[in-house]
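Please open the model in your viewer and keep the selection tool at hand.

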Amino acid sequence: MQQNSVWRAPGMPALLGMVLAGFSGYALLMPIAPLWAVRGGADEAGAGLVTGVFMLFTVLSQLFVPAALRRFGWTRVLVVGMLLLGLPAAAHLLSEDLPLILLLAAVRGAGFAVLTVCGSGAVAELVEPARRGRAIGAFGLGIAGPQVLLLPAAPWIAEQLGFWLVFLLATAPVLGVFAAVRLGRRVDSLPPHPDPAGVAHRGVRRYLGLFPPMFLLLGVTLAGGALITFVPQFGVSAVITTIGLLLLTGLAALTRWGVGHLSDRVGAQRLMWPFVLVTILGLVATAWAAAGSGREGMLLTGMALIGIAYGALQNLTLGAAFAAVPRRDQVVASAVWNIGFDAGTGLGAVVVGLLASAFSFPPALLAAAALALLTFPLAFVRGSTRSVSRGR
């Protein structure tokens with residue numbers, strides 16, 4: 001079977017089109033919405049609140065996406081989600097006042113919740129388990145592309161060409177509605193997935209297998225969120241900061257894609273523990289680099305290690321989450337996984353920031369390494385319904 005066959009699986013082109021449009025809008029506004037609030041007179045706390053409200057409403061809304069899909073179907077939910085993510089971008093031009101920006105952030109967060117949960121959930125619906133690792137990798141490339149290109153470009157566009165252009169471009173998710181309709185119709189046309197015998201009577205216990213991959217993901221995204229937030233404050237040059245962030249994000253994208261082929265051959269479970277160790281090594285390296293000057297090489301090495309683990313564990317934990325529940329609960333697995341991802345990213349900024357303000361960055365990063373170490377035993381815990389899900 002050709003390696004690129006997952007790209008041509010029915011529904012995958014529509015999924016990737018929707019993801020490219022949705023994450024383009026997300027990436028453009030991630031640095032610009034807080035900056036717009038500062039132009040309106042908000043302080044640093046107000047600017048941080050813009051991102052905080054966006055992530056809070058993302059996580060809260062993710063809890064309700066599976067139920068919305070069951071009640072209204074994929075097509076309606078996807079269309080509403082893309083509109084909620086895209087339309088508020090243009091509304092920023094109405095005012096620079098913080099209350100309006102926070103309201104728009106909340107609405108966009110709800111739309112982003114739909115995009116993230118349905119995006120990864122659709123992978124499980126469209127591609128059979130034997131090729132799922134490669135499909136997750138392809139999905140990851142669709143996510144990473146807009147972020148690698150547009151996150152650093154957005155401030156330049158705003159300052160050189162105007163904020164209005166960023167807000168106009170950030171309505172891209174509205175264009176993604178067309179791909180969302182095609183994807184939704186494809187998934188809605190699939191036959192329902194009945195529970196395997198006995199699983200329906202397990203109640204909440206049927207989801208216990210989702211917690212190990214979620215906490216493993218939380219450990220590495222906490223590290224990534226901390227570095228993305230605080231590396232500019234490590235006292236290194238802007239060039240080193242840029243190179244470090246490109247190493248982290250670029251290697252994450254490549255590793256998330258590349259590890260999928262290996263995961264399909266040997267299984268996600270066997271591959272997770274080495275990358276937890278890579279996370280810990282990366283955090284120790286960056287902590288040592290932050291402790292003194294002239295250690296740029298070690299900083300870049302640590303960020304490269306974090307990037308490798310960041311991408312690999314995104315792929316592997318999502319595969320493990322899908323394998324831990326029956327087919328009909330794949331969207332629940334996607335919601336739990338995305339909550340782990342977004343919560344870890346937010347906690348990385350908050351926890352490391354609090355520890356750094358009380359002590360300094362090296363102890364804060366070592367504390368993050370200790371938290372990652374606590375998740376290490378979970379890499380050997382198999383999902384409680386794994387044997388059932390393999391039998392689909």
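Select S120 in this predicted model and display its surroundings: leaving aside residues up to four places away in sequence, S120 touches F139, L318, F322, S334 and N338. Is S120 buried or exposed? Its relative accessibility is 0%, and S120 therefore counts as buried, the cut-off for that class being under 20%.

Next, select residues 330–358, which form helix α14, together with residues 361–374, which form helix α15. The two helices pack at an angle of about 145°, and their axes are 7 Å apart; the crossing of α14 past α15 is right-handed. To see where they meet, show side chains for V352, L355 and A356 in α14, and for F361, A364, L365, A367 and A368 in α15. Sorted by class, this contact has eight nonpolar residues, with no polar and no charged ones.

Finally, clear the selection and show the entire chain, in which there are 16 helices and zero strands. The radius of gyration is 20 Å, close to the 21 Å that the globule rule gives for 392 residues, so the chain is as compact as a globular protein of that length. Along the principal axes, its C-alpha atoms fill a box of roughly 60 × 45 × 40 Å. Of the 392 residues, 56% count as buried, and among contacts with a separation of 6 or more, 86% come from residues 24 or more positions apart.

Notes
Residues numbered from 1 in each chain as written. Predicted model: local features only at pLDDT ≥ 70, side-chain atom pairs only at ≥ 80, totals over all residues. Heavy atoms only, no water. Buried < 20%, exposed > 50% of the residue type's maximum accessible area, 1.4 Å probe, protein only. Contact = heavy atoms within 4.5 Å. Axes fitted to C-alpha atoms, helices over the stretch in contact; angles between N-to-C directions. Helix = DSSP H or I, 4+ residues; strand = E, 2+ residues; numbered from the N terminus. Left-handed = near helix turned anticlockwise from the far one by under 90°. Nonpolar A, V, L, I, M, F, W, Y, C, P; charged D, E, K, R; others polar. Rg over C-alpha atoms; globule rule 2.2 N^0.38 Å.
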